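Subject: Structure handover

Hi,

Here is the structure I promised to pass on. Please open it first, then read the notes below.

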Amino acid sequence: MEKIAVLIPCYNEELTVEKVVSDFRKELPNAEIYVYDNNSKDKTAALASAAGAIVRKETAQGKGNVVRTMFKDIDADVYILVDGDDTYPADEVHKLIQPVLEGNADMVIGDRLSNGTYFEENKRGFHGFGNNLVKNLINFLFKSNINDIMTGYRVYSRRFVKNMPVMSSGFQIETEMTIFSLVYRMKLVEIPITYRDRPAGSESKLNTFSDGFKVLVKLFDLFKNYRPMLFFSCISVLFIIIGFIIGIPVITEFIRTSFITKIPSAVLAASLFIIAFLLFMVGIILDAIKNQMCVLFECQLNQFEYQEKRKVG
């Protein structure tokens, strides 16, 4: 039997956490259900414990901090990460865990968008806009075709959980995990799920604008780290274009008169070309380092799988 763990990060979810725990206990009676209380000021921890969950506390505020601790502390073969707000149906968990159990996926994404239920249920219009913006940016920058980046319903293999370095502190964690799986060629599967809005009285902890801005900043940072050649090449091209715009009048004057009177423009244009060249070289160097890191990570994965096989043997 595979050991299954249900991970539920919670912050002030007393209206829903008991039902979420009970629903997953009904669907997966042999699973261990963990609720990590992230400094809740209500009865979240007590209600989760009464429902049969293993309750632990994480004092560092933010979903990313909670997930980092969960991944580090909990030992299982299959990990189910789900929000404690009762927006994701527990009865669809079986189709999500199947690809991981069969060894066909390292991360399964519960796709809320493909069947349209998210857009029907979600009452915050800018959330949908933000989801689409992040999705389109990631698909463009990382040459992927993922439908739902920001979903909070995912299933992971042990291989994924024990090898991913969680760096995000807040709601950027979903973006980070998705890009990590794309860059390091983890097996990723999307399965459509039904989404339902929060029940009356339950409030989202996600701030559309401030958290959305943090997600975009994180995406920008990950793009720089994982695609340094493309990132610095784009900036280099921008400097070259500006340099040409400033330098063309200087060159034209020199061709016509054999003299240069626009000395400041000539110096600025030359400086921009030098900066563009340096940025391009930085991209080459960082891309080489990134490729070496990918090789080292692949070796780490191979070593991890070897050790896991030895445990089984």
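Where is the place of Asn 12? Asn 12 sits in the loop between strand 1 and helix 1 (17-27). Helices (H or I, at least four residues) and strands (E, at least two) are DSSP runs, numbered from the N terminus. Asn 12 is partly exposed, with a relative accessible area of 23%. Buried means under 20% relative accessible area, exposed over 50%, and partly exposed in between (1.4 Å probe, protein chains only). Phi of Asn 12 is near 55 degrees, a positive value in a residue other than glycine.

Some ground rules. This is a predicted model, where local features need pLDDT of at least 70 and side-chain atom pairs count only at pLDDT 80 or more, while totals for chains, interfaces and linings use all residues. Residues are numbered from 1 along each chain as its sequence is written, and side-chain values use heavy atoms, with hydrogens and water left out.

Overall picture

The protein chain has 11 helices and 7 strands. Its C-alpha atoms fill a box of roughly 85 × 50 × 35 Å, taken along the principal axes. Of its 313 residues, 47% count as buried. Take the contacts (heavy atoms within 4.5 Å) with a separation of 6 or more: residues 24 or more positions apart account for 77% of them.

Cores

A nonpolar core is a set of buried Ala, Val, Leu, Ile, Met, Phe, Trp, Tyr and Cys residues joined through side-chain atoms within 4.5 Å. The largest one has 44 residues. Leu 7, Phe 142, Tyr 156 and Met 177 have the most contacts inside it. What does Phe 142 contact, leaving aside its neighbours within four places in sequence? Its partners are Ile 179, Leu 182, Val 183, Leu 219, Leu 222, Phe 223, Tyr 226 and Arg 227. A second, separate core has 33 residues, including Ile 4, Ala 48, Ile 97 and Ile 193.

Strand 4 covers residues 78-81. Val 78 and Ile 80 point one way from it, Tyr 79 and Leu 81 the other way. All are buried. Two strands pair if DSSP finds at least two bridges between them. Strand 1 (residues 4-10) and strand 4 pair in the parallel sense, over 4 bridges. There, Val 6 stands opposite Ile 80. Strand 6 (residues 154-157) runs antiparallel to strand 4, and 4 bridges join them. On that side, the bridge partner of Ile 80 is Val 155.

Helix 3 (residues 63-73) is largely enclosed by the rest of the structure, because 8 of its 11 residues are buried. Among them are Val 66, Val 67, Met 70 and Phe 71. The buried residues of helix 3 pack against strand 1, strand 2 (32-37), strand 4, strand 6, helix 7 (158-161) and helix 8 (173-183).

Thr 178 lies in helix 8. Is Thr 178 buried or exposed? At 0% relative accessibility, Thr 178 counts as buried. Not counting residues up to four places away in sequence, Thr 178 touches Met 107, Ile 146, Ile 149 and Arg 154.

On a 1 Å grid over the protein atoms alone, a cavity is a set of points where a 1.4 Å probe fits but cannot get out. A pocket is an open set with protein on both sides within 12 Å along at least five of seven lines. Lining residues have an atom within 4 Å of a point. Grid points are joined across faces, edges and corners, and a volume is the space filled by probe spheres set on the points.

The structure holds 1 cavity of 30 Å³ or more. Val 183, Tyr 184, Arg 185, Cys 294 and Glu 298 line the largest cavity. Arg 185 is in the loop between helix 8 and strand 7 (188-192). Arg 185 is exposed, with a relative accessible area of 66%. Its phi is near 55 degrees, a positive value in a residue other than glycine.

The second largest pocket has a volume of about 510 Å³. It is lined by 19 residues, and the closest to its centre are Glu 2, Asp 77, Ser 157, Arg 158 and Arg 159. Helix 11 gives the most to this lining, with 6 residues.

Best wishes
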